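Here are my notes on this model, as numbered points. Please read them with the structure open.

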Amino acid sequence: MLGNSVPTRVDAWRWAVALAVLAVSPALAQENTDCLACHGEKGFTAERKGRTVSLYVGEKAFGASIHGGLQCISCHASLEGKELPHDAPLPKVDCAACHEAETKQHAASLHGRAMRRGDALAPTCAACHGMHDIRAVKDPLSPVSPLKVPFTCGKCHQEGTVVMRQRAIHQDHILENYSESIHGEGLLKKGLIVAANCASCHTAHNILPHTDAASSIARGNIARTCTQCHAQIEAVHRKVIKGELWEKEAHVLPACIDCHQPHKVRKVFYTQGMADTDCLKCHQDRGLEAQDGRAMFVDEKEHQASRHAKVACSQCHSGVNVSLTRPCDAIAQKVDCGACHTAVAQEYAQSQHGKLLIKGDANAPSCKECHGTHGTLGRLQSSSPTFATNVPKLCARCHREGERAAVRYQGPQHQIIESYTESIHGKGLLKSGLTVTATCTGCHTAHGVLPRTDPASSVNRANVPATCGRCHHGIQEEFERSVHHELLGKTDKELPVCNDCHSAHTIRRADADGFKLDIMQKCGRCHGEIAKTYFDTYHGKVSQLGYTKTAKCYDCHGAHDIHRITDPRSHLSRENVVATCQKCHPGASRRFAGYLSHATHHDPKKYPWLFWTFWGMTGLLAGTFLVGGAHTLLWLPRAFQMRRELKEAEEAEERELAEQERGRAAAGGPATGEPPAEDRG
Amino acid sequence: MEGSVKTRPLQFQRFTRLNRALHALMIVSFIALAMTGMSLKFSYTAWAAFLSRLLGGFESAGFIHRAAATLMFGLFVTHLWDVNRKRKQDYGGSFLKLILGPDSMLFNKRDLQEFVGSLKWFVGAGPRPHYGRWTYWEKFDYFAVFWGIFVIGSTGLMLWFPVFFTKFLPGWLINVATIVHSDEALLATGFIFTVHFFNTHLRPEKFPMDTVVFTGRMPVAEFKRDKPAEYEALVAAGKLEENLVEAYQPVVIRTIRAFAWTALAIGTFMVLWIVFAMVFAYR
């Protein structure tokens, strides 16, 4: 027995190998070569959000990068100790693990903030630095080396990019101007890598708008930024500071950029670029026409009265090039309002109007369709077409019956403008002049107009309560706690929202008779049976006659705060029902509340008393009419017979009387006679 | 009498002045109740909405209904008082004599015989019965009113004062009262406007109309033919002369006819409407 339990030498050797393999294998599996076994293949791809992306990591490029000495798992830390092949996709690499200060700066910067907002255009670390092929800043091959910086930044910040069009960037032709500036020339033409590039002034990671006091290009910091290179420049500028400017604006020390415009830094006292007067040289001519016949006249007075009075022509008609004889020859694009009105333009692009415009639909309204062009006014200015009382007219231009939007519309809403005008909102706006009343844009939004079938639409079923709640907030709160709201209503049927009862464009005052009577039909659309039984009761019958003074659905159940009657909050719960009856029947007791306001005599199980009373009464009626009717019908022939006999008797009597007359006349005697027997008075 | 042109013929007086006044007022009250009530019962017809508007809206119709009901109760009480007075004057204060006398309104053996006799006469199996002062169908109409006042009146009060009645009755009894009130009213209206109209006013031999209940008097010959038993009893007792009065002037007759025809027309229209509502528009 003992001999058998002692391990042999062969066994011990096997154990040692197995343990060694077990101990080493995790480490072995994490080697870069293990990763590259898959990721080294050029054709290694995966599906991400419907797109095929390459997962190839060039071994050479990685080896040459500044991170070449690191392990894959140094950055892809989540893979440490994991079996390979690993789950995908991996969490984003966190550069902050090593580059904490830079990451922090980036997070606080313009770019970082945009990223947190979810702006898809915001640059990540990799956008500028690359991924596996990151090189040192001093490496000329790095995209952030001085010579490459303008191109890296220019990927987004040159004319024509989405960023330039859709984000609030207040400079134009940045890259072009820079390359012609003294800094750009030094860097790009003369190869002076110490010449200021984008990052020199804006910093690499801490980029902030000039309006931010912490920004390197904020007015207060400009001097410090420029003097990084231009040390002791004050000494040179003593003359200027001492001179005219100093005297004219004693309280403001001129900043570098007051004279040396950013991006165009070449020599002092640059002109402001294109002045409006330059444009008006031609465009003030009333007869000016484009080649295609469009009037090119610009009414400067109109522009001066507009919301954009302080905005120069070239700010909207961007792309001018002052170095050309006709600077406007360089304009390649239509006015893009989104350059300043970024958020609005983004919303518009998502809207039905915007989508149609992008599709190139001729009917789609662009900004100017509603806002005008040079004379555009704010929506609070009463003469603006977007002023509240003018909005219905504005939308009517296309949405009135027969107009271009109305003719292509297939839905159930018709006579929209006319209905709106007669609605409570329309009357409030147009008759009572209440500018806070809901207008078209009040419900449909101004720029985000979408058909109600779109889940993002303000008038989509799911969003209607919130849309109405923007004004009727208290009611929205009540409604959202009610059984009709999705949070409480447990039904597979569609729950009602505001417009199911109140309608959309024909909305009426809820205290007007028409609405009060209609609402019972509205409730009946879903609560068919119960509405029918209501009409069998006194309340229902009076309502049906067209009078509103008896209890209707909402008088007992509530309007927006409807709850199950088992819910203590219900107006009809045991706690509240008596008080609800007392609203109309002062002195009503709990027994009184036992009245069946939806009684029907057709349900013997639920209401046996009513059922049997009804059939008892019906039997009584039928029996009485049967006996009475049969009696009468049987009688009828005899009654006619009696009538005939009476007539014959009458005639016989008359004949007799006539004979007597004749006899008496013959005898010459005086006329005597009894009063006529028949006088059926 | 002889030679006097102005003398009007003598007629038998069947109803007293009070009887006639009560019947006339009963007509007004009944039609008002029926019109206002039916407009509610058949509220699902356009007719009802029209009628309700004509009467000044449901509130006004409700007021008319209650006012007419009060009048009806008043008539009922007045009639009871009249019967009681008659008991004292004509029957020596004896209830028994009132009930068992020949002029009693209660059903008795004679009514059963006359009912069977009538049926025989209808089918040609016998002569016309020798009817007395009150025939069985007249007694039926009379007690139908008693029954109606009791049933419709009591349920009507419950519907009028639900808060009071539910102090000691369960609430669902109001629903029962509604059915009873409404269906009994339908019975009353239907019966009065068809069977009663035929039996007492529109019978072919009386066509165009028997107005005795309005004038209170009828020609002696007609009386003799209609109620032979009563006629013979009066003649035998020598009391016919006491009960003869002068006929009304034609202008009075014309006025009475106009009133009666109006009531008849309204009743007939209501019957047509009810039939229409129940057959074609019922839901």
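1. Start with Cys398(A): which class does this residue fall in, buried, partly exposed or exposed? Cys398(A) is partly exposed, because 19 other C-beta atoms lie within 10 Å and a buried residue needs 20 or more. Keep in mind that this is a predicted model.

2. Cys398(A) sits in helix H24 of chain A, which spans residues 391–399. Leaving out residues up to four places away in sequence, Cys398(A) touches Pro365(A), Glu403(A), Arg404(A) and Ala405(A). Asn363(A) is 35 residues from Cys398(A) in sequence. In space, C-alpha to C-alpha, Cys398(A) and Asn363(A) are 8.7 Å apart.

3. Helix H14 of chain A covers residues 219–227. Its buried residues are Ile222(A), Thr225(A) and Cys226(A). How are they arranged around the axis of H14(A)? Viewed down that axis, the buried residues of H14(A) fall within an arc of 90 degrees, so they line one face of the helix. The face of H14(A) turned away from this buried side carries Gly220(A) and Arg224(A), both exposed.

4. Now chain B. Its secondary structure comes to 12 helices and 3 strands. The chain has 283 residues, and 32% of them are buried. Take the contacts in chain B between residues at least 6 apart in sequence: 73% of these join residues at least 24 apart.

5. The sheet of chain B is open, with 3 strands in the order S2-S1-S3 and antiparallel pairing. Which strands are at the edges? They are S2 (217–219) and S3 (244–246) of chain B, each pairing on one side only. Neighbouring strands of this sheet are turned by 50 degrees against each other on average, direction ignored. Strand S1 of chain B, residues 10–13, is joined to S3(B) by 3 bridges, and the two run antiparallel. At one of the bridges, Phe12(B) has Leu244(B) in S3(B) as its partner.

6. The largest nonpolar core has 33 residues. Those with the most contacts inside this core are Val542(A), Leu33(B), Ala34(B), Met38(B), Ala188(B) and Met270(B). Which elements give two or more residues to this core? From chain A there is H34. From chain B there are H1 (17–41), H2 (46–54), H3 (57–90), H8 (172–202) and H12 (250–279). H8(B) gives the most, with 9 residues.

7. Look at Met38(B) next. Setting aside neighbours within four places in sequence, Met38(B) is in contact with Thr189(B), Met270(B) and Ile274(B). Another core, of 17 residues, lies apart from the largest one. Its members include Cys581(A), Ala588(A), Ala599(A) and Phe165(B).

8. Last, the contact between the chains. How many residues does each chain give? Chain A gives 46 residues and chain B gives 48. On the side of chain A that touches chain B, the elements giving two or more residues are H34 (538–544) and H37 (608–667) of chain A. H37(A) supplies the largest share of that side, 20 residues. By class, the side of chain A that touches chain B has 25 nonpolar, 13 polar and 8 charged residues.

Technical notes. Residues are numbered from 1 along each chain as its sequence is written. Chains are lettered from A and ligands numbered from 1 in the order in which they are written. This is a predicted model: local features need pLDDT of at least 70, side-chain atom pairs count only at pLDDT 80 or more; totals for chains, interfaces and linings use all residues. Two residues are in contact if their C-beta atoms, placed from the backbone, lie within 7 Å. Helices (H or I, at least four residues) and strands (E, at least two) are DSSP runs, numbered from the N terminus. Ala, Val, Leu, Ile, Met, Phe, Trp, Tyr, Cys and Pro count as nonpolar, Asp, Glu, Lys and Arg as charged, and the others, Gly among them, as polar. A residue is buried if 20 or more other C-beta atoms lie within 10 Å of its own, exposed if 12 or fewer, and partly exposed in between; C-beta atoms are placed from the backbone. The arc is that of the directions from the helix axis to the C-beta atoms. Two strands pair if DSSP finds at least two bridges between them. Axes are lines fitted to C-alpha atoms, for helices over the stretch in contact, and angles run from 0 to 180 degrees between N-to-C directions. A nonpolar core is a set of buried Ala, Val, Leu, Ile, Met, Phe, Trp, Tyr and Cys residues joined through C-beta atoms within 7 Å.
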